[in-house]
Amino acid sequence: MKIYESDYLVIQFERDKDRFVQFWKSSPECYEVLKKELLNFTKLYKKYGPSQSLWLQQNFTLPLNKELDEWVEKNVNIPCIEYGNKKAAFVVGKDILVHLSLIRLFDEENSKINHNHFASEEEAREWLEETHSQKEYDAEMAISYEGIDKDGNSVIKIRRPSGDIFNTIKSFNTLIEENKFIKTNIEKYSKLTKREKEILVEFSRGLKQQEIADELYISVQTLRTHWKNIKKKLEIRSLAEVVKYVRAFDMN
């Protein structure tokens, strides 16, 4: 039965499934509107206390940011768990980058909500009803160039099994983050000499200084001098940052 409808959001209560189903009629155009809708959702959750929620995100186009992430976790996710939520399923919207910002919300806030993301409503319902079988997706990703659209943008199509949509979207996040890292640090990276790049790669392997020196046929003192220059040029302090540079700039 329908228990709520606004210009943006419709909420149905499937009593036999103990489930709320939310559908965005149109996407909120600002965070204030989104917060208002989510607070109304949370009030109804307190009233009815369903164990599951299903979000149909097809029309949702508002990217989420860090500040909103924290607000949602505090004012929506945690209260809904207290009111009885056990599982939350999301059907991916048309704007993949927007949905990626939703996934980040859960990951970066270490959300207590038991959530999952699906390409179709059918798959989401199967997961909620625990009839969704775990599958291994061995098919390779297929990428094809579809030409140029009317706005002059290149169109690239990616084909993956629908059941693997969550991992596929998260792989986009890795590419996006690496691209941002490269753009931000390309100037620093370009200051490295060939020898410094070689040393950076060796350090990323977790080798000790003596092992690196022996492999490159240089003294430990020379190695330490190079390492001091590398840290200064890249402004790095940890092995994790070394590995990040090596991976982002494909140095292996």
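**Rings, helix packing and backbone angles in a predicted model**

Visitor: Are the rings of F13 and Y48 stacked, edge-to-face or tilted?
Guide: The ring centres of F13 and Y48 are 5.1 Å apart, and their planes stand at 55°. Planes under 30 degrees apart count as stacked and over 60 as edge-to-face, the rest being tilted. The pair of F13 and Y48 is therefore tilted.

Visitor: How many residues apart in sequence are the parts that F13 and Y48 tie together?
Guide: F13 belongs to strand β2 (residues 9–14), while Y48 is in helix α1 (residues 31–48). The pair therefore ties together parts whose separation in sequence, in residues, is 35.

Visitor: Is Y48 buried, partly exposed or exposed?
Guide: F13, its ring partner, has a relative accessible area of 5% and is buried. For Y48 the relative accessible area is 25%. Buried needs under 20% and exposed over 50%, so Y48 is partly exposed.

Visitor: Are the rings of W24 and W55 stacked or tilted?
Guide: The rings of W24 and W55 have centres 6.0 Å apart and planes at 25°. Planes under 30 degrees apart count as stacked. The pair of W24 and W55 is therefore stacked.

Visitor: Which strands hold W24 and W55?
Guide: Both W24 and W55 are buried. The pair links distant parts of the chain, 31 residues apart. W24 is in strand β3 (residues 19–24), and W55 is in strand β4 (residues 52–56).

Visitor: Which residue lies over the face of W127?
Guide: W127 is in helix α4 (residues 121–128) and, at 11% relative accessibility, counts as buried. A charge sits over a ring if NZ of Lys or CZ of Arg is within 6 Å of the ring centre and within 35 degrees of the ring normal. At 4.3 Å from the ring centre of W127, the residue over its face is K87.

Visitor: Are α1 and α2 roughly parallel or roughly perpendicular to each other?
Guide: The axes of α1 and helix α2 (residues 66–82) come within 9 Å and cross at roughly 10°. Angles under 35 degrees count as roughly parallel. α1 and α2 are therefore roughly parallel.

Visitor: How many nonpolar residues does the contact of α1 with α2 have?
Guide: Residues of α1 in the contact include L34, L38, F41 and Y45, which meet residues of α2 including L68, W71, V72 and V76. By class, 2 residues of this contact are polar and 1 is charged. The nonpolar residues number 12.

Visitor: Are α7 and α8 roughly parallel or roughly perpendicular to each other?
Guide: Helix α7 (residues 209–216) packs on helix α8 (residues 220–234) with axes 9 Å apart and an angle of about 105°. Angles of 65 to 115 degrees count as roughly perpendicular. α7 and α8 are therefore roughly perpendicular.

Visitor: Which residues of α8 make the contact with α7?
Guide: The contact has 4 nonpolar, 2 polar and 1 charged residues. From α7, Q209, Q210, I212 and A213 take part. From α8, the residues are V220, L223 and R224.

Visitor: Near what value is phi of Y217?
Guide: Y217 is in the loop between α7 and α8. At 75% relative accessibility, Y217 counts as exposed. Y217 is not a glycine, yet its phi is positive, near 60°.

Visitor: Which residue with positive phi follows α9?
Guide: In helix α9 (residues 239–248), V242, V243, Y245, V246 and A248 are buried, and their cover includes α5 (165–189), α6 (194–204) and α8. The residue after α9 has phi near 50° although it is not a glycine.

Note on methods:
Residues numbered from 1 in each chain as written. Predicted model: local features only at pLDDT ≥ 70, side-chain atom pairs only at ≥ 80, totals over all residues. Heavy atoms only, no water. Axes fitted to C-alpha atoms, helices over the stretch in contact; angles between N-to-C directions. Helix = DSSP H or I, 4+ residues; strand = E, 2+ residues; numbered from the N terminus. Parallel < 35°, antiparallel > 145°, perpendicular 65-115°, else oblique. Contact = heavy atoms within 4.5 Å. Nonpolar A, V, L, I, M, F, W, Y, C, P; charged D, E, K, R; others polar. Phe/Tyr/Trp six-rings, centres within 6.5 Å; stacked < 30°, edge-to-face > 60°. Buried < 20%, exposed > 50% of the residue type's maximum accessible area, 1.4 Å probe, protein only.
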